[in-house]
Amino acid sequence: MLYRLMKYVFLGPLLRLFWPTKVVGAENIPERGGAILASNHLAVADSFFMPTYVKRKVTFPAKQEYFTEKGVKGTLKKWFFTGVGQFPIDRSSGSAAQAALDTATRLVREGHLLGIYPEGTRSPDGRLYKGKTGVARIALESGGLVVPVAMIGTDKVNPIGSKMWWPRKLEIRFGKPLDFSRYDGLAGDRFVERSITDEIMYALMELSGQEYVDIYAARAKELAAADAAGVRAAVPAQASAREAARLPESKAG
């Protein structure tokens, strides 16, 4: 009920009114059954705009801090993020991360649409970064199709570090579903999971038109922070997404 109120009464109409959005390929989203919407990640706003233009409910994993803040502000945050279809994940340890993957896998098996950002965090500069293999593990264990999603322009609406949302025209592109059933029974194989993840990232690169960088976004942020502090850190030469998809784990991973 809360999700529908947010989508159709409170938040959704405002997003449609002030941020006109072109939607391409919505027919690629399965009408029923579990599936994974794997998106690039430019801004916090991505998790609000995408579900607004998807008929079915989209559930996103979100960092646990959104749900655990104390006081009135914390209560309102928890109410809001629950209302827009997000569930908390604890990233403090390996076992916590596995619990989050298990929850995501269960949701897809139960027939839900799962929204996920394979990069793991927002792009620090608008480029597309290396995907983490959790999306592949979820796809293999749940059997769900993966629909690549490109968010275009949300970084201009909600720039990193800004609390303001600026009026801009947006575009959301839904690509053709990717079926990885040919890898049935191979969940846990790190080479297979890397190959699947790279295939997803290549599809996102083609769909979004972003430049691909073959390091994790979190690492790119660390390098930027080191540079800002006057510490020089070498960045390895980058492979294209197509090249990365062809490399073994020892080189691409």
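A cavity here is a set of grid points where a 1.4 Å probe fits but cannot get out, and its lining residues have an atom within 4 Å of a point. All the close-ups below come from a predicted model.

**View 1. The largest cavity and the residues around it.** The count comes to one cavity of 30 Å³ or more, and the space in the largest cavity is about 90 Å³. Here's who lines the largest cavity: Tyr-3, Met-6, Lys-7, Leu-11, Gly-12, Leu-15, Ser-47, Phe-48, Pro-51, Thr-52, Gly-83 and Val-84. Two elements, α1 (2-18) and α2 (46-52), each give two or more residues to this lining. Helix α1 gives the most, with six residues. Sorted by class, the lining of the largest cavity has seven nonpolar residues, four polar ones and one charged.

**View 2. The second largest pocket.** The volume of this one is about 270 Å³. Look for Leu-11, Val-44, Phe-48, Phe-81 and Arg-122 among the lining residues. By class, that makes seven nonpolar, three polar and two charged residues.

**View 3. Helix α6 packing on helix α8.** Helix α6 covers residues 134-142 and helix α8 covers residues 190-208. Their axes sit 8 Å apart, at an angle of about 105 degrees. Angles of 65 to 115 degrees count as roughly perpendicular, so α6 and α8 are roughly perpendicular to each other. On the α6 side, the contact is made by Val-135, Ala-136, Arg-137 and Leu-140. Helix α8 brings Val-192, Glu-193, Ile-196, Thr-197 and Ile-200. Split by class, the contact has six nonpolar residues, one polar and two charged.

**View 4. The Glu-193 and Arg-137 salt bridge.** Zooming in on the charged pair: side chains of opposite charge can pair when their charged atoms come close. In Glu-193 and Arg-137, the closest N and O atoms are 2.4 Å apart. Arg-137 lies in helix α6 and Glu-193 in helix α8, so this pair ties together parts that are 56 residues apart in sequence. For the model, the count comes to nine salt bridges.

Note on methods: Residues are numbered from 1 along each chain as its sequence is written. This is a predicted model: local features need pLDDT of at least 70, side-chain atom pairs count only at pLDDT 80 or more; totals for chains, interfaces and linings use all residues. Side-chain values use heavy atoms; hydrogens and water are left out. On a 1 Å grid over the protein atoms alone, a cavity is a set of points where a 1.4 Å probe fits but cannot get out, and a pocket is an open set with protein on both sides within 12 Å along at least five of seven lines; lining residues have an atom within 4 Å of a point. Grid points are joined across faces, edges and corners, and a volume is the space filled by probe spheres set on the points. Helices (H or I, at least four residues) and strands (E, at least two) are DSSP runs, numbered from the N terminus. Ala, Val, Leu, Ile, Met, Phe, Trp, Tyr, Cys and Pro count as nonpolar, Asp, Glu, Lys and Arg as charged, and the others, Gly among them, as polar. Axes are lines fitted to C-alpha atoms, for helices over the stretch in contact, and angles run from 0 to 180 degrees between N-to-C directions. Angles under 35 degrees count as roughly parallel, over 145 as roughly antiparallel, 65 to 115 as roughly perpendicular and the rest as oblique. Contact means heavy atoms within 4.5 Å. A salt bridge is a side-chain nitrogen of Lys or Arg within 4 Å of a carboxyl oxygen of Asp or Glu.
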